[in-house]
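Please look over the points below with the structure open.

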Amino acid sequence: MSIIQQFKNAIGYIRVSTDEQATDDKFGIEVQKKEILIYANNNGYNVVDWRIDTISGAKDNRPEMDKILYGEDITNPPYQAVIVFKNDRVARDTKLYFYYFYTLEKRNIKLLSTEEDFSEGNDFANIYRSLLMFVAEQERKNIALRTTKGRNMKAACGGYSGGRTPYGYNVNNGILVVDSQEKEIVRFIFDNHNKGISMLAITESLAEHGYKTRKGRGFQVSTIKSILSNKLLYQGMYRYGKDMDWVQGVHEAILEV
């Protein structure tokens with residue numbers, strides 16, 4: 001008499017960040033999917049659906065995870081577990097991880113990891129989970145710190161290091177490149193300002209000439225003030241954040257010194 005194994009249903013949840021996709025395929029989508037399928041087969045689960053989020057592990061905006069937590073079938077989900085490759089795929093923020101964990105637990109849905117084994121009834125399971133999430137969170141903070149240091153080093157050499165793109169420029173491969181149309185408007189603003197014309201009069205003059213902002217709106221005094229405050233940038237200098245000094249930039253200047 002043969003025994004037929006009764007498989008329980010599960011959802012395979014995968015998360016990758018844009019940085020990971022661009023620089024490291026070690027834990028990419030296909031790798032995670034393969035490991036989840038192996039784990040499911042070895043532990044009596046049938047993966048009935050896949051949910052994939054492309055977002056940082058520290059952010060709580062998870063469209064696909066939200067479908068698991070708040071979907072139409074939340075009162076009677078057709079699955080008994082959510083399987084992930086590693087627990088840091090759920091979240092690198094400890095509080096966020098446990099929010100997902102307990103929300104699923106209240107609906108009698110297990111959160112399972114292919115890499116970390118938390119045996120049922122193990123008194124140290126939650127302590128172990130907390131430790132892993134703490135390590136993942138610290139790793140995220142270290143990555144952010146290294147990224148910030150890299151940006152600061154680039155800025156110290158005059159290279160564009162991110163943030164809002166200044167009017168008059170576009171960003172191409174991480175470099176500020178002059179926008180031919182916006183350049184003329186920047187020069188128009190500074191030419192009139194140097195003649196002693198008020199910012200309000202400049203906005204009116206821009207409107208008369210039909211000039212618009214990037215969003216297709218009319219210029220406001222606040223916009224003019226922001227552009228005028230960036231004079232050094234338009235003269236070829238660069239500064240990343242208010243705590244750094246101005247240095248010679250690598251971008252093309254719009255204004256003469």
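1. Axes here are lines fitted to C-alpha atoms, for helices over the stretch in contact, and angles run from 0 to 180 degrees between N-to-C directions. Helices (H or I, at least four residues) and strands (E, at least two) are DSSP runs, numbered from the N terminus. This is a predicted model, in which local features need pLDDT of at least 70 and side-chain atom pairs count only at pLDDT 80 or more, while totals for chains, interfaces and linings use all residues. Residues are numbered from 1 along each chain as its sequence is written, and side-chain values use heavy atoms, with hydrogens and water left out.

2. Helix H7 (residues 199–208) packs on helix H8 (residues 221–228) at an angle of about 105°, and the axes are 9 Å apart. H7 is therefore roughly perpendicular to H8; angles of 65 to 115 degrees fall in that class, under 35 is roughly parallel, over 145 roughly antiparallel, and the rest oblique.

3. Contact means heavy atoms within 4.5 Å. H7 contributes Met199, Leu200, Ile202, Thr203 and Leu206, and H8 contributes Val221, Ile224, Lys225 and Leu228. By class, seven residues of this contact are nonpolar, one is polar and one is charged (nonpolar: Ala, Val, Leu, Ile, Met, Phe, Trp, Tyr, Cys and Pro; charged: Asp, Glu, Lys and Arg; polar: the others, Gly among them).

4. Rings of Phe, Tyr and Trp (its six-membered ring) pair if their centres lie within 6.5 Å; planes under 30 degrees apart count as stacked, over 60 as edge-to-face and the rest as tilted. The count by this rule is four aromatic pairs. Why is the pair of Tyr169 and Tyr234 stacked? The ring centres of Tyr169 and Tyr234 are 6.2 Å apart and the planes are at 5°, so the pair counts as stacked. Tyr169 is in strand S5 (residues 169–172) and Tyr234 in helix H9 (residues 231–234), 65 residues apart.

5. Phe190 and Tyr234 make an edge-to-face pair, 5.8 Å centre to centre with 70° between the planes. Phe190 belongs to helix H6 (residues 180–194), 44 residues from Tyr234 in helix H9. Tyr169, Phe190 and Tyr234 form one aromatic cluster.

6. Buried means under 20% relative accessible area, exposed over 50%, partly exposed in between (1.4 Å probe, protein chains only). Tyr169 is buried at 0%, Tyr234 at 1% and Phe190 at 3%. Of the 257 residues of the chain, 39% count as buried.
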